[in-house]
Amino acid sequence: MTMINKSMLSRPQKLTFPYGWCGHIPFVSWLVETMRPATIVELGTHSGNSYFAICQAVLENGTGSKCYAVDTWQGDEHAGSYSENVFNEVNAWNRQYFAAFSNLLRMTFDQANQYFSESSVNLLHIDGLHTYEAVKHDFESWQPKLADDAIVIFHDTNVHERDFGVWQLWDELKDKYPSFEFLHSHGLGVLFVGEKSHSLFDRLNSLGEPALIRSTFSRLGELITLREEAHNQIQHIQNESYNHISMLEACLLYTSRCV
């Protein structure tokens with residue numbers, strides 16, 4: 001069985017700092033195309049890199065998924081606080097490209113929880129506050145909402161600093177359910193919670209040895225991240241050059257008037 005599908009090679013339409021999640025875009029795109037989940041919920045969206053990659057895969061593959069991004073867009077002790085501009089930019093992009101199937105729920109995760117019926121969420125992405133207590137609460141409070149084919153993905157399973165505790169919860173869960181973990185880009189844990197999701201777990205593992213699967217998606221994610229960083233560096237150099245040229249032109253104009 002081939003590992004490649006078109007979505008894992010797709011180029012993201014929009015990336016915004018911070019880029020910590022970008023390395024997992026090829027995998028989550030592969031997952032959306034392969035799984036075709038009916039309802040997708042993301043807990044913790046920030047600048048939208050992961051969420052808009054998911055929405056792009058939904059649109060390009062015509063999966064018919066309904067997508068929901070849940071965030072207060074105020075920040076937390078790990079992400080830091082950020083200005084209203086972050087939400088405004090996410091909201092504008094969502095309205096322009098994904099409004100037909102995507103909704104931004106500006107509220108806490110617990111507040112959003114009441115708007116979803118039991119067994120209704122097929123793909124859940126947890127990426128909120130990363131303390132052990134917080135991520136455990138997020139998983140347990142949303143677990144009744146998971147469908148019988150549900151997959152849950154956890155970001156930052158490979159971060160062991162600054163009171164990050166996702167790795168602790170992951171250690172508790174990874175042997176209770178079929179699971180797969182990517183170690184690059186701060187780690188991504190993929191938990192095949194629903195019984196009907198186990199066939200997709202088998203499909204993922206049939207693509208090759210775990211090390212090969214990790215290496216493939218890591219390299220693809222690295223290309224996305226490096227391309228974006230290079231693009232930003234080029235823009236910075238061009239802006240600096242423009243500023244220097246503008247200053248030189250101003251000096252020459254001033255000098256010509258003084259002569």
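**View 1. Asn5 and the residues it touches.** Set aside the neighbours within four places in sequence, and Asn5 is in contact with Trp30, Glu33 and Thr34; contact here means heavy atoms within 4.5 Å. This is a predicted model, where local features need pLDDT of at least 70 and side-chain atom pairs count only at pLDDT 80 or more, while totals for chains, interfaces and linings use all residues. Residues are numbered from 1 along each chain as its sequence is written, and side-chain values use heavy atoms, with hydrogens and water left out. You'll find Asn5 in the segment before helix 1 (25–35). Helices (H or I, at least four residues) and strands (E, at least two) are DSSP runs, numbered from the N terminus. The side chain of Asn5 reaches the backbone oxygen of Trp30 at 3.3 Å, and also makes a polar contact with the side chain of Thr34 (3.4 Å). A polar contact is a pair of N or O atoms within 3.5 Å; within protein, one must be able to donate a hydrogen and the other to accept it, and residues adjacent in sequence count only if both atoms are side-chain atoms. Is Asn5 buried or exposed? Asn5 is buried, at 11% relative accessible area, because buried means under 20%, with exposed being over 50% and partly exposed in between (1.4 Å probe, protein chains only).

**View 2. Helix 1, under cover.** Just after helix 1, look for Arg36, which takes a positive phi of about 55°.

View 3. Which way do its residues point? Thr39, Val41 and Leu43 go one way, Ile40 and Glu42 the other, and all are buried. Pick out Ile40, and its bridge partner in strand 2 is Cys67.

View 4. Follow strand 5 to strand 2 (residues 66–71): they pair in the parallel sense over 5 bridges. One spot to check is Ala69, whose bridge partner in strand 5 is Leu104.

View 5. Axes are lines fitted to C-alpha atoms, for helices over the stretch in contact, and angles run from 0 to 180 degrees between N-to-C directions. Helix 6 also packs with helix 5 (residues 132–142), at an angle of about 45° and with the axes 7 Å apart. That makes helix 5 and helix 6 oblique to each other. Residues meeting there include Tyr132 and Phe139 from helix 5, and Leu169 and Leu173 from helix 6.

Conventions:
Two strands pair if DSSP finds at least two bridges between them. Angles under 35 degrees count as roughly parallel, over 145 as roughly antiparallel, 65 to 115 as roughly perpendicular and the rest as oblique.
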